[in-house]
Amino acid sequence: MPSEYTSPSDRAGEELVNRRTFLQRSALGVAAVSLGPLPKTFAPQRMGIVVHSYASRWNSKTPSTSYPGFTTALDLLEHCHKIGAGGVQTTVRDWTSATAKKLRNQREKWDMYLEGSIGLPKNPDDVARFAEEVKNAREAGASVLRTVCMNGRRYESLHSDQDFRKFQKEAIASLQLAEKVVRQNKVQLAVENHKDWRADELATVLKNLSSEWVGVTLDFGNSIALLEDPMEVVHTLAPFVMSTHVKDMGVEEYGDGFLLSEVPLGQGILDLPRIVGICRAANPKVTFNLEMITRDPLEIPCLRKEYWPTLQELKGYEVAGTLRMVREKKTKDQLPKVTQLSSEERLAVEENNILASLTYSQKSLGMA
């Protein structure tokens, strides 16, 4: 069903950007979406695809003639070209200079963009590995590299405030090491809100880092898992946006909290035209990358005490607001599950979800 979810209020506290300027830019983005053809500064672009959208097909061992597995970035790029996507965001680990040249040639031939996905340097000894990956990605034509500060989820990986402070310290140190490399290579590093940082925390880290080369991969739905209002997340992180993970979300109550699931674009609770407009206003060059992960719903156990050790500063109205949203906007039917499907059936559902989302992006988001 079409989404109507909007933010009840702006978050109080110190603003990270001039509020009047930002609201003017946001209003321009909303107008661009709602009033018809986009101005030239917001030229229509085709939506790209994140490699994680093909979680089942990437390195698939299923012998399938209809959905053969992708083993290389070139495989992914070729398939996304065939289905009409504008580009890809994919891992750059283990690329060689030869790989980079092949990718660049094909990308330019098909007029597609390329973004990398890269792991931060863990310590000074890991900088050489990071620098080599940045170099190869840049040679392939990637000007933006998405990264994360934590591979897991905050409420599952961290079990005390001390754990979070340790994560915070190490993540900032890694970003400082990475910033020097991307600045030298003139490549943007875009940190995803990956169920690790809340939006205000990530914005503060980036503000303190104060680098034009480090910003955000704005994931449209992840932060719901940390009981954040999606539109407040967008307003907080849009001033830093360099790339996006476009997704729509379905929600459903369960005993320990709520279930959260990616659903095809336009079938969930997010106001996608509004979010896209705000991102375009904040950065007219921003890319829109579909991350439609076909999987069973995630359990967000916010009613269990194990969820809370690193989130004790949350206000009661934030918790209540999320739970009320889940109750009011819950999916009429049960959220889809795929574990009961055969491997071939899961591959088929995955592809259909991606194709449906691309169609929505063309019809409703101005991505020709």
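Reader: In β9, which residue is the bridge partner of V251?
Author: In this predicted model, β8 and strand β9, residues 257-263, pair in the antiparallel sense over seven bridges. Within β9, the bridge partner of V251 is L260.

Reader: In what order do the three strands of the open sheet stand?
Author: The edge strands are β8 (248-254) and β11 (298-300), each of which pairs on one side only. Neighbouring strands of this sheet are turned against each other by 30° on average, direction ignored. The pairing is antiparallel, and the order is β8-β9-β11.

Reader: At about what angle to β8 does helix α10 run?
Author: Helix α10 comprises residues 316-329 and lies across β8 and β9. Its direction relative to β8 is given by an angle of about 100°.

Reader: In what order do the eight strands of the barrel stand?
Author: Strands of a sheet pair through backbone hydrogen bonds, either parallel or antiparallel. In the barrel, the pairing is parallel. The eight strands close in the order β1-β2-β3-β4-β5-β6-β7-β10.

Reader: Which residue in β6 stands opposite A190?
Author: Strand β5 (residues 188-192) and strand β6 (residues 214-219) run parallel and are joined by four bridges. Opposite A190, the residue in β6 is G215.

Reader: Are α7 and α8 roughly parallel or roughly antiparallel to each other?
Author: Two packed helices are described by the angle between their axes and the distance between the axes. Helix α7 (residues 199-209) and helix α8 (residues 230-237) pack with their axes 9 Å apart, at an angle of about 5°. Angles under 35 degrees count as roughly parallel. The two helices, α7 and α8, are therefore roughly parallel.

Reader: How many nonpolar residues has the contact of α7 with α8?
Author: From α7, the residues A199, D200, L202 and A203 meet V233, T236 and L237 in α8. By class, this contact has one charged residue, one polar residue and, as its nonpolar part, five residues.

Reader: How many residues of the contact of α2 with α3 are charged?
Author: The axes of α2 and α3 come within 10 Å and cross at roughly 5°, which makes α2 roughly parallel to α3. On α2 the contact is made by A73, L74, L77, E78 and H81, and on α3 by K102, L103, Q106, R107 and W110. Of these residues, five are nonpolar and two polar, while the number charged is three.

Reader: Which element gives the largest share of the lining of the largest pocket?
Author: About 1,400 Å³ of space lies in this pocket. The elements that give two or more residues to its lining are α2 (73-82), α3 (97-110), α4 (127-140), β4 (144-147) and α6 (161-185). The largest share, six residues, comes from α6.

Reader: Which residues lie nearest the centre of the largest pocket?
Author: By class, the lining of the largest pocket has 18 nonpolar, 14 polar and 17 charged residues. The pocket is lined by 49 residues, and those that lie nearest its centre are I118, G119, R146, V148 and N151.

Note on methods:
Residues numbered from 1 in each chain as written. Predicted model: local features only at pLDDT ≥ 70, side-chain atom pairs only at ≥ 80, totals over all residues. Heavy atoms only, no water. Pairing = 2+ DSSP bridges. Axes fitted to C-alpha atoms, helices over the stretch in contact; angles between N-to-C directions. Contact = heavy atoms within 4.5 Å. 1 Å grid on protein atoms, 1.4 Å probe; cavity = no way out; pocket = protein on both sides within 12 Å on 5 of 7 lines; lining within 4 Å. Points joined across faces, edges and corners; volume = space filled by probe spheres on them. Nonpolar A, V, L, I, M, F, W, Y, C, P; charged D, E, K, R; others polar. Parallel < 35°, antiparallel > 145°, perpendicular 65-115°, else oblique.
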